[in-house]
Amino acid sequence: MAEKASRPMTIDEFFEWQKHQDRNYELVDGLPVMTVKAMTGATDRHDSIAVNTIVAFGNQLRGKLCRPKTSDTSILTSRGTRRPDVLIECDKPDPRSMTADDPRAVIEILSPSTTRYDRFQKLAEYQQHPAVKVVLQVDSEAPQVTIWRRGPNG
């Protein structure tokens with residue numbers, strides 16, 4: 001069971017605290033915040049999209065340096081940490097790390113309860129991360145994907 005933070009945490013303090021929790025949290029402005037998916041649970045449609053995305057990217061990236069990761073891996077952002085539904089990480093990560101060292105692509109699966117949050121707040125943080133080259137926002141209610149690519153000027 002989660003204990004409430006009495007003061008803002010550093011990234012290191014957060015990950016030490018996270019090890020003792022039964023659900024995944026994000027760190028936002030120094031405070032642990034339960035992810036929306038952890039609060040509401042994922043629908044079967046959301047889960048199917050996540051699994052299919054991991055399988056498709058995993059097959060395409062087989063034998064390459066990059067690989068898909070689940071929301072158990074977080075990305076450090078200007079406000080703390082975020083846990084995208086799927087991310088593509090490159091380079092050789094530290095096997096004990098809870099964060100992606102080189103996240104190249106972020107995939108967020110939009111559902112009615114997360115659309116506004118994922119589409120705007122989290123997107124802005126991902127766009128500021130220098131390693132992230134692509135953000136995919138997959139609509140779980142319609143056959144639609146929004147692709148954000150880093151341009152030549154950043």
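Q: What do the numbering and values rest on?
A: Residues count from 1 along each chain as its sequence is written, and side-chain values use heavy atoms, leaving out hydrogens and water. The model is predicted: local features need pLDDT of at least 70 and side-chain atom pairs pLDDT 80 or more, while totals for chains, interfaces and linings use all residues.

Q: Which residues of α3 are buried?
A: Buried means under 20% relative accessible area, exposed over 50%, and partly exposed in between (1.4 Å probe, protein chains only). In α3 the buried residues are H46, I49, A50, T53 and L61. Down the axis of α3 they fall within an arc of 100°, so they line one face; the arc is taken over directions from the helix axis to the C-beta atoms. Exposed D44 and N52 sit on the face turned away from the buried side.

Q: Which cysteines form a disulfide?
A: A disulfide is a covalent bond between the sulfur atoms of two cysteines. The criterion is a pair of cysteine sulfur atoms within 2.5 Å. C66 and C90 form one, with sulfur atoms 1.8 Å apart. C66 lies in the loop between α3 and β3, and C90 in the loop between β6 and β7, 24 residues apart.

Q: What is the handedness of the disulfide of C66 and C90?
A: The S-S torsion is about 100°, so this disulfide is right-handed.

Notes: Helices (H or I, at least four residues) and strands (E, at least two) are DSSP runs, numbered from the N terminus.
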